[in-house]
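Visitor: I would like to go through this chain term by term. Please give the cut-off behind each word as it comes up.

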Amino acid sequence: MKTALMVAEKPSLAGSLANILNLGRNSSRKGSNGACSVHEWIGQFRGEQVNFKMTSVCGHVMSLDFIGKYNNWDRVDPVELFSCPTEKKEAAAKLKMPHFLSQEARGCDYLILWLDCDKEGENICFEVMNAVEGTMRRSPYNDDVVYRAHFSAITEKDIKAAMQNLGKPNENESRSVDARQELDLRIGCAFTRFQTKFFQGKYGDLDASLISYGPCQTPTLGFCVQRHDEIQTFKPEPFWVIQMSVNTVDGKEVTLDWARVRCFEKEVTTMFLQKIREQTTAMVTNVSVKEKSKSRPQALNTVELMRVASSGLGLGPHHAMQVAEKLYTQGYISYPRTETTHYPDNFDLV
């Protein structure tokens, strides 16, 4: 009987996928690295009966770094970091993820990748393929060996549809992540080393031993400073508002709006209030009718999700994404790391 190895992005996701794909009828065991579980069952794939093995990674398998000698700050000019060689290293050495994957892939005929459907997930697809290349029956770079599942939510409908419509991993998207990782490494490290060495000793009250730089963190810091300055320079001014209501002849209470909205002078507001108090009746001079419609709620992209989680629930960005990840793996929401506000065609809105 042939064997198909399936790999998800996180251990919790692997468990959810296994339960959906085989209706909970699977045996589970702990992987050799102690962090990932392996769920096994027998099912149909490509018109034949196969043994399925569902496991996972824990995020990226590999990370990019400079080769050893370039990690010495004193002997290397930061400008050399823009052209010096780099190498791939295990992202978490303790997990021994490449060894675990190659061990589980031994003798397998198919590789089905269930990584998250974003560019990072596409990159992890190729990290997994590299890890298992030496132990599968045939190279995972053959089209009839490797398959890619595309899904946006962990629901039975989505997952079974993804299994019926398997595609191929996208090498161009994976390479774009490789390029981004290299840019982040070279720019971040070069400028961090340069400005740390430049500022050390120049300012006596500098309370940081390292002044980091990053393509993302620098504009983010700019937003934070700008907002901080706005808060510090804001000067509140007291203002007064007149709020009143009248009773109609048929006994209904109507709240009236003040045309001026607010007044920054208390004496002027008091004068208007006194004039109103002297009146016993009011004349309706104009009636306007407005029809209001409530539009359907728009889906949230990642940035909007974090904004409303902060303003509405008081959750910080990191905590919000942790909660969103749990809701996603349990099938309550679609994949939270997204730039789109459109619901997928097969999303079950009910």
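**Terms and values**

Guide: The 42 positive and 43 negative charges of the protein chain have mean positions 3 Å apart. Lys and Arg count as positive and Asp and Glu as negative, with His and the chain ends not counted; a charge is placed at NZ of Lys, CZ of Arg, CG of Asp or CD of Glu. This is a predicted model, in which local features need pLDDT of at least 70, side-chain atom pairs count only at pLDDT 80 or more, and totals for chains, interfaces and linings use all residues. Residues are numbered from 1 along each chain as its sequence is written, and side-chain values use heavy atoms, leaving out hydrogens and water.

Visitor: How do you know how the radius of gyration of the protein chain stands against that of a compact globule of 350 residues?

Guide: The radius of gyration is taken over C-alpha atoms, and the globule rule is 2.2 Å times the number of residues to the power 0.38. For 350 residues a compact globule would have a value near 20 Å, but the protein chain has 30 Å. Its C-alpha atoms fill a box of roughly 95 × 65 × 30 Å along the principal axes.

Visitor: Which domains does the domain assignment give?

Guide: The assignment, automatic or from a database, gives domain 1 (2-173), domain 2 (235-290) and domain 3 (297-340). The C-alpha centres of domain 2 and domain 3 lie 42 Å apart.

Visitor: Why is E104 called buried?

Guide: Buried means under 20% relative accessible area, exposed over 50%, and partly exposed in between (1.4 Å probe, protein chains only). E104 has 6%, so it is buried. Of the 350 residues of the protein chain, 33% count as buried.

Visitor: What is E104 in contact with, leaving aside neighbours within four places in sequence?

Guide: Contact means heavy atoms within 4.5 Å, and E104 is in contact with L5, R29, V38 and K53. E104 itself sits in helix α2 (residues 97-105); helices (H or I, at least four residues) and strands (E, at least two) are DSSP runs, numbered from the N terminus.

Visitor: Why is R46 called partly exposed, and why is K96 called exposed?

Guide: R46 has 49% relative accessibility, so it counts as partly exposed. K96 has a relative accessible area of 53%, and is therefore exposed.

Visitor: What is the phi of R46, and what is that of K96?

Guide: Most residues other than glycine have a negative phi. R46, not a glycine, has a positive phi of about 55° and is found in the loop between β3 (37-45) and β4 (48-56). For K96 phi is near 50°, also positive, and K96 lies in the loop between β6 (86-90) and α2.
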